[in-house]
Amino acid sequence: MRAPTPLSDSSRVPNRSHELSADELSIYRQLDQAKIPQHVAIIMDGNGRWAGKRALKRFLGHQKGAESVQFVVETASRINLPWLTLYAFSLENNLRRPKSEVSFLMKLLRSYLVGNVKRMNDNNVRMAYIGRTHDLPQEVQDTMQWASESTAKNTGTTLTLALNYGARSEIVDAVRSLLTDLTTEAHTRGCSVDDLLGAGALESLDESSIARALYTAHMPDPDLVIRTSGEQRISNFLLWQIAYSEIFVTDRLWPDFNGLHLLEAINAYQHRERRFGGLGESFTDEDLNNLEPAEEVAAEIKDHLIPKPDPKSELKTEAKADALLTRR
Ligand code: FPP
C-alpha cells in the first residue's frame with residue numbers, strides 16, 4: 001500500500017504550539033522554526049523490555065506503547081510536522097513472533113484506530129499506511145481503510161503507519177511494478193520489451209524512477225530517523241529513503257517516549273550539519289585557496305602523528321637489549 005499524495009503548503013495550517021505542555025513549549029521555543037524537519041520516521045522499540053522491567057506481560061508493554069503513539073502524533077500535529085512515519089509492525093514481526101503476539105498486535109491496532117480517529121480529526125491528522133497491508137487480516141484492512149477515509153480531508157500532519165512493512169520487500173515490489181509497467185507498455189505499443197530496452201528504456205531508468213515506484217513515492221525522504229531502546233540498527237526500515245537521514249538513538253524505551261522527547265530529538269537534529277555527500281559549511285572555498293604544498297602538509301602530519309622517541313626510554317631499551325645479549 002502507498003502513502004497518499006502530498007498536501008498543500010503546510011505553512012497555511014494554523015499554528016497550534018500554544019497547545020503544547022509547558023515542558024514541550026520550553027524546548028519548542030529553542031527550535032529554529034525554519035529548520036523543523038519535513039519528515040520524521042520512528043523505529044518504536046522496547047515495549048517488551050518496558051514490560052519485563054516491571055514483571056508485566058509483553059502485551060501490556062505494547063498497550064502502553066500505543067498510548068505513546070498518540071502522545072507523539074498529537075505533539076507532531078501541534079508543531080505542524082508535515083510527515084510522521086511510525087514502524088508499527090514489520091514483515092519480520094509478522095513471520096517471526098508467536099501467533100498469539102501477532103494476533104494481539106492486530107487487535108491492538110484495530111482498537112487504536114477505532115479509539116483515536118476522533119482525536120486524529122480534532123488534531124487535523126491524516127492517516128496513511130505503507131507495507132504489504134493486503135496480507136493483513138481482512139477485518140484489520142477494513143478498519144485501516146475506514147480510518148484513512150475518515151481522516152482523508154485533514155490537512156495537517158500525515159501519520160503513516162508502516163504495517164507488515166519491510167524495506168527490502170518494498171524494493172522488490174518496486175522492481176516488480178517497473179517490470180510490469182514495461183511489459184504493459186510493450187503490449188500497448190505492439191512491440192517487445194527488448195525493442196523498448198533498445199529504444200532507451202534502460203537508460204531512462206534512474207534513481208527517480210525507483211523512488212516513484214516505492215510505497216513512499218509521494219513523500220519526502222525522512223530528515224530524521226529516531227530509534228528508541230538504544231539498539232543501533234535500522235532493522236529493514238525505509239532503506240532507500242534514509243540514505244541521507246540523520247539518525248537519533250535514545251536509550252528510552254518506546255512506552256516512556258512522548259512528545260517532549262520528540263521535540264528533544266528535533267532539537268538535537270537541528271544541531272547536526274547535513275552534508276548530503278558534500279562538504280557542508282565547515283569547508284569553504286577559502287580553504288581551497290589556502291592549500292599548502294603537499295610536502296609541508298606531510299611534514300606537519302608526521303610531527304603530529306608519530307611520537308618523538310623519549311631519549312630516557314631509548315636508553316632503557318638499549319640497556320635491556322645489552323643485558324639479554326650478555327646473558328647468552
Ligand atoms: C517493539 O517492541 C515494538 C513493536 C513490535 C512495534 C510497535 C508497536 C506498538 C508501539 C504498539 C501499537 C502500535 C500501534 C500503532 C497501535 P518489542 O516487542 O520489539 O520490544 P522488545 O525489543 O523490548 O522486546
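Q: Which residues do ring pairs link into a cluster?
A: In this predicted model, ring pairs join Y87, Y165, Y215 and F237 into a cluster. A search of the whole structure finds seven aromatic pairs.

Q: Why is the pair of Y165 and Y215 called edge-to-face?
A: The planes of the two rings stand at 70 degrees, and their centres are 6.0 Å apart. Rings pair if their centres lie within 6.5 Å, and planes over 60 degrees apart count as edge-to-face. The pair of Y165 and Y215 is therefore edge-to-face. This pair links distant parts of the chain, 50 residues apart: Y165 belongs to strand β4, and Y215 to the loop between α9 and β5.

Q: Why does Y165 count as buried?
A: Buried means under 20% relative accessible area. Y165 has 0% relative accessibility, so Y165 counts as buried. Y215, with a relative accessible area of 7%, is buried.

Q: What makes the pair of Y244 and F276 tilted?
A: Planes under 30 degrees apart count as stacked, over 60 as edge-to-face and the rest as tilted. The planes of Y244 and F276 lie at 50 degrees, with the ring centres 5.8 Å apart, so the pair is tilted. Because Y244 lies in the loop between β5 and β6 and F276 in the loop between α10 and α11, the pair ties together parts that are 32 residues apart in sequence.

Q: Why does Y244 count as partly exposed?
A: Partly exposed covers the range between buried, under 20%, and exposed, over 50%. The relative accessibility of Y244 is 47%, so Y244 counts as partly exposed.

Methods: Residues are numbered from 1 along each chain as its sequence is written. This is a predicted model: local features need pLDDT of at least 70, side-chain atom pairs count only at pLDDT 80 or more; totals for chains, interfaces and linings use all residues. Side-chain values use heavy atoms; hydrogens and water are left out. Helices (H or I, at least four residues) and strands (E, at least two) are DSSP runs, numbered from the N terminus. Buried means under 20% relative accessible area, exposed over 50%, partly exposed in between (1.4 Å probe, protein chains only).
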